[in-house]
Amino acid sequence: MPIVSPSVLSCDFANIQRDVEMINQSEADWFHIDVMDGVFVPNISFGFPVLEAIKKHATKPMDVHLMIQNPDQYVSDFKRSGADILTVHYEACTHLHRTVQHIKSEGMKAGVALNPHTSIELLDDIIEDLDLVLVMSVNPGFGGQKFIKNAVYKVEQVKNLIHKRGSKAVVEVDGGVNLSTGKELVMAGADALVAGSFVFNSEDPVRTIAQLKEL
Ligand code: DX5
Ligand code: ZN
């Protein structure tokens, strides 16, 4: 059964507590929280006050995906705001090893996200230190985009690398996940699925989450 991490980016922000409670009550495993700075990606989402508000009600781990430049600068702030897993982008980190150690030293799980054009091979020298690899199946910045199929191949590649190096990293995929793309990803070895618009635009989000769990 895959880990399911609904993306709060697609929730109704005027009813955030209601949507957080819905995820609490569902079979979802984590809360996926997308932080965008308008520099690393062409969109701005939300920051610390919103994370703190979610944390107040969430009964499941907060899986925080940072789409920001210089994430190292804010690692402690994200810990304080409630992050349990903190994922930074490979493309945004000059000293990735240092950033990963920093995240772990704060007691969080450390993840690295790869944009669709970024090769899995670049993780060769860091994979043993990672708790999570986030394969982006859309260009980050917006919910509701079309799934990029090459992500299925990347999942296979990263699973091989993890196996070869004896890493314990979990493979998560983010962008354009629905029942059909989700199935392909799980078959390729994905351990965790992020889903935003597919969950929140559905008539019965709790049921949609249950269907993703069944993949
Ligand atoms: C995209 C975000 C995703 C987004 C996924 O930049 O990282 O987490 O919310 O949305 P869907 O599932 O609608 O593609
Ligand atoms: Zn995300």
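## Starting at P2

P2 touches V186, A190, D191, A192, L193, L212, K213 and L215, once residues up to four places away in sequence are set aside. This is a predicted model, so please read each value here as computed from that prediction. P2 belongs to the segment before β1 (3–6). Is P2 buried or exposed? P2 has 21 other C-beta atoms within 10 Å, and a residue with 20 or more counts as buried, so P2 is buried.

For a sense of distance, take P2 together with V135: the two are 133 residues apart in sequence, and their C-alpha atoms lie 15 Å apart in space.

## The chain as a whole

The protein chain has eight helices and eight strands. Its radius of gyration is 16 Å, close to the 17 Å from the globule rule for 215 residues, so the chain is as compact as a globular protein of that length. Along the principal axes, the C-alpha atoms fill a box of roughly 45 × 35 × 30 Å.

Of the 215 residues in the protein chain, 45% are buried. Among contacts with a separation of 6 or more, 65% join residues 24 or more positions apart.

## Around ligand 1

Let us turn to the ligand. The shell around ligand 1 holds 22 residues, and the closest are S7, P140, G143, G196 and S197. By residue class, the shell divides into eight nonpolar, 12 polar and two charged residues.

## The annotated binding site

Which residues does UniProt list under "binding site"? The unreviewed entry gives H32, D34, H65 and D174. They span 143 residues in sequence, yet no two of their C-alpha atoms are more than 10.5 Å apart, so the four gather at one spot.

Two of these positions are worth a visit. H65 sits in strand β3 (residues 62–67) and counts as buried because it has 28 C-beta neighbours inside 10 Å. Beyond its neighbours within four places in sequence, H65 is in contact with H32, I33, D34, V35, T87, A113, L134 and D174. D174 lies in strand β7 (residues 170–174) and also counts as buried, with 25 C-beta neighbours inside 10 Å.

Key:
Residues numbered from 1 in each chain as written. Chains lettered and ligands numbered in written order. Predicted model: local features only at pLDDT ≥ 70, side-chain atom pairs only at ≥ 80, totals over all residues. Near = placed C-beta within 6 Å. Nonpolar A, V, L, I, M, F, W, Y, C, P; charged D, E, K, R; others polar. UniProt positions renumbered as here; feature names shortened; annotations may be inferred. Helix = DSSP H or I, 4+ residues; strand = E, 2+ residues; numbered from the N terminus. Buried ≥ 20, exposed ≤ 12 C-beta atoms within 10 Å, placed from the backbone. Contact = placed C-beta atoms within 7 Å. Rg over C-alpha atoms; globule rule 2.2 N^0.38 Å.
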